[in-house]
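This report describes one protein chain, going from single residues to the overall architecture. The sequence and the structure come first.

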Amino acid sequence: MPNYYVTLEAAWLVKDAKSVDDAIGIAISEAGKRLNPKLSKVEVAVGSMSCPACGEIFDSVYLVANTSLVGLILEIKVVNAENESHAAKIAKAVIGKALADVPLKAIDVALKEG
């Protein structure tokens, strides 16, 4: 059975953030703590999005009243999955155990060559 790289999008809530950079740092740090040591192979990064008006790319962070919603990107290698759908389900189940209260969505599944 083939191996896949699965990319998930996560919505991370950060309270008491003083700036966008502060919110990003807190979100990545908190996610890393909850994923380690069992899921240390999961790559965590801040997502990006484009402005609907001008098309400019910016970090996926929304900060209001010292509370922020940070869009994180989580990448994991899934081995021996039957197909792309199965790989996405495995990734969501594995990461979902560590991040039980965090909404997750599969945004990309790629076959690992070799």
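Lys-38 is exposed, with a relative accessible area of 80%. Here buried means under 20% relative accessible area, exposed over 50%, and partly exposed in between (1.4 Å probe, protein chains only). Lys-38 sits in the loop between H1 and S2. Its C-alpha is 9.0 Å from that of Ala-98, while the two residues are 60 apart in sequence.

The model is a predicted one: local features need pLDDT of at least 70, side-chain atom pairs count only at pLDDT 80 or more, and totals for chains, interfaces and linings use all residues. Residues are numbered from 1 along each chain as its sequence is written, and side-chain values use heavy atoms, with hydrogens and water left out.

**Architecture**

The protein has two helices and seven strands. Helices (H or I, at least four residues) and strands (E, at least two) are DSSP runs, numbered from the N terminus. Read from the N terminus, the order of elements is β-α-β-β-β-β-β-α-β. Along the principal axes, the C-alpha atoms fill a box of roughly 50 × 35 × 20 Å. Of the 114 residues, 32% count as buried.

**Nonpolar core**

In soluble globular proteins, nonpolar side chains tend to be buried together. A nonpolar core is defined as a set of buried Ala, Val, Leu, Ile, Met, Phe, Trp, Tyr and Cys residues joined through side-chain atoms within 4.5 Å. The largest such core holds 29 residues, and the members that touch the most others are Val-6, Trp-12, Val-70, Leu-74 and Ile-95. At least two core residues come from each of strand S1 (4-15), helix H1 (20-35), strand S6 (67-78), helix H2 (84-98) and strand S7 (104-111). S1 gives the most, with six residues.

Ile-24 belongs to helix H1. With a relative accessible area of 11%, Ile-24 is buried. From Ile-24 to Gly-71 the C-alpha distance is 8.9 Å, across a sequence separation of 47 residues.

**Salt bridge**

Side chains of opposite charge can pair when their charged atoms come close. With a salt bridge taken as a side-chain nitrogen of Lys or Arg within 4 Å of a carboxyl oxygen of Asp or Glu, the count comes to one. Its partners are Asp-101 and Arg-34, at 2.8 Å from N to O. Asp-101 lies in the loop between H2 and S7 and Arg-34 in helix H1, so the pair ties together parts that are 67 residues apart in sequence. Asp-101 counts as exposed at 59% relative accessibility, and Arg-34 as partly exposed at 34%.

**Surface patches**

Patches are made of residues with over 30% relative accessible area and no salt bridge; like charges are joined within 9 Å, and nonpolar side chains (Val, Leu, Ile, Met, Phe, Trp, Tyr) within 5 Å. Lys and Arg count as positive and Asp and Glu as negative, with His and the chain ends not counted. The place of a charge is NZ of Lys, CZ of Arg, CG of Asp or CD of Glu. Accessible areas come from the Shrake-Rupley method with a 1.4 Å probe, and for residues only the protein chains shown count as cover.

A patch of negative charge on the surface is formed by Glu-43, Glu-75, Glu-84 and Asp-108. Glu-43 is located in strand S2 (residues 43-46) and counts as exposed at 52% relative accessibility.

A nonpolar surface patch consists of Leu-13, Tyr-62, Val-64 and Leu-69, which together have about 410 Å² of accessible area. Val-64 is part of strand S5 (residues 61-64). At 41% relative accessibility, Val-64 counts as partly exposed.

**Backbone geometry**

Most residues other than glycine have a negative phi, and most peptide bonds are trans.

| Residue | Phi | Place | Relative accessible area |

The peptide bond from Asn-36 to Pro-37 is cis, with omega near 0 degrees. Pro-37 is in the loop between H1 and S2, and Lys-38 also lies in the loop between H1 and S2.
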